[in-house]
Amino acid sequence: MMRSRVYRSGVVTSEQLSVDQVAEIVQDSNVTVWLDFTSPQADDLERVQEILGIHELAIEDAVTGYQRPKLDRYTSHLFLAAYTVDLHGETGELVTAEVRAIIAGQVLVTVHEPHFDMDAIVERWDNEVDLAGHGVAFLVWGLLDVVVDGYFDTVQELDAEIDALEDRLFDTRPDTLEAQRRSFELRKSLGRLRRIVLPMREVLNTLMRRDVSARFPEMMPYLQDVYDHVLRVTEWTDSLRDMIATILETNISLQGNRMNLIMKKVTSWAAIIAVPTAITGFYGQNLPYPGFSEAWGFWASSGLIVVISLGLYLTFKKRDWL
């Protein structure tokens, strides 16, 4: 599947053009063209490669997918690979979708899988018509801005999930196994998010280099804003990773404290129960002893059991052992 759009002086003039029609249109310096391919093969991009003079390695990366987020520089064009992210609320799993883009003069070629939400990027372009006159740089900025905004939304959701997890640690009846499972899921998602976000700093840095940014100087402030957002997400992600590590350590400490409390209570009750066991065991001997076969012996042993057991109970209660 292929979508297309033509901007002339910042205004959309036509859509759904063929590649051959694009070959004629790009001769006009006032025209910017966007071509979008969904799950193409190398043969599908052969005509585009011929028209725009795209390097064969860029075509290979565009159709292969699963690239590390990057920006490759060629003589007449750039190749961009990036990922959108979304957090699955129930499982805490990070869902990603890859987009590859070739920036060649006045043309932006995007390649992605069917599950990638290209409509969100088109909506961003349509909402910023005042910037559309800046040509292909405007299209690249809109693409990156939507991608990075998705990082912000995801890291905010992760922050909220971690806050909720912290609160659950101190429940009166905590579900320790569920807390551990959720902690590991979130830590895994944070690690994956970090592997996506960190290379984006390099991508934006390369775009803002003087030899590259000279192609679209008007959009530099907007690209700088996107770069700042990437830095903020990176720092936020690192702080959340520290928080999730602290939660795991705290959870283990709380389990140890709860175990100590349980052992303390069990030991206290065992000490109380040991009193009647010891006294009745002594008086159960088949040998004469003080009070043997006497009523006062029974009452004396019963009194000792009650007094000593009650004394131990009150002592342990006072020390908060029961």
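Which residue does the side chain of Arg68 meet in a salt bridge? I will come to that in a moment, after a word on conventions. What we have here is a predicted model, in which local features need pLDDT of at least 70 and side-chain atom pairs count only at pLDDT 80 or more, while totals for chains, interfaces and linings use all residues. Residues are numbered from 1 along each chain as its sequence is written, and side-chain values use heavy atoms, with hydrogens and water left out.

The partner of Arg68 is Glu202, and the two side chains come to 4.0 Å, N to O, where a salt bridge is defined as a side-chain nitrogen of Lys or Arg within 4 Å of a carboxyl oxygen of Asp or Glu. Because Arg68 sits in the loop between helix H3 (56-64) and strand S4 (70-73), and Glu202 in helix H6 (residues 176-207), this pair ties together parts that are 134 residues apart in sequence. Helices (H or I, at least four residues) and strands (E, at least two) are DSSP runs, numbered from the N terminus. Glu202 has a relative accessibility of 49% and so counts as partly exposed; on this scale buried means under 20% relative accessible area, exposed over 50%, and partly exposed in between, with a 1.4 Å probe and protein chains only.

In total the structure holds 17 salt bridges, and I would like to go through some others. Arg100 pairs with Glu113, their closest N and O atoms being 3.8 Å apart; Arg100 lies in strand S6 and Glu113 in the loop between strand S7 (107-112) and H4, so parts 13 residues apart in sequence are tied together. Arg100 is buried, at 1% relative accessibility, whereas Glu113, at 29%, counts as partly exposed. Arg124 and Asp145 form a salt bridge at 2.3 Å, N to O, and this pair links helix H4 to helix H5 across 21 residues, with Asp145 buried at 8% relative accessibility. There is also a network of salt bridges, which links Glu161, Arg181, Arg182 and Glu185.

Let me turn to the largest pocket, whose volume is about 300 Å³. On a 1 Å grid over the protein atoms alone, a pocket is an open set of points where a 1.4 Å probe fits, with protein on both sides within 12 Å along at least five of seven lines, and lining residues have an atom within 4 Å of a point. Of its 19 lining residues, Thr84, Val85, Asp86, Asp117 and Gly150 are the closest to the centre. Strand S5 (78-87), strand S6 (94-104), helix H4 (118-127) and helix H5 (136-169) each supply at least two residues of this lining, and H5 gives the most, with 7.

Elsewhere, Ser301 in helix H9 (residues 295-318) is buried, with a relative accessible area of 11%. Leaving aside residues up to four places away in sequence, Ser301 touches Ile279 and Tyr283, contact meaning heavy atoms within 4.5 Å.

Finally, the chain as a whole, which comes to 9 helices and 7 strands. The radius of gyration is 35 Å, well over the 20 Å that the globule rule gives for 322 residues, so the chain is more spread out than a compact globule; the radius is taken over C-alpha atoms, and the rule is 2.2 Å times the number of residues to the power 0.38. Along its principal axes the C-alpha trace spans about 120 × 35 × 30 Å, and buried residues make up 43% of the 322.

How values were computed:
Points joined across faces, edges and corners; volume = space filled by probe spheres on them.
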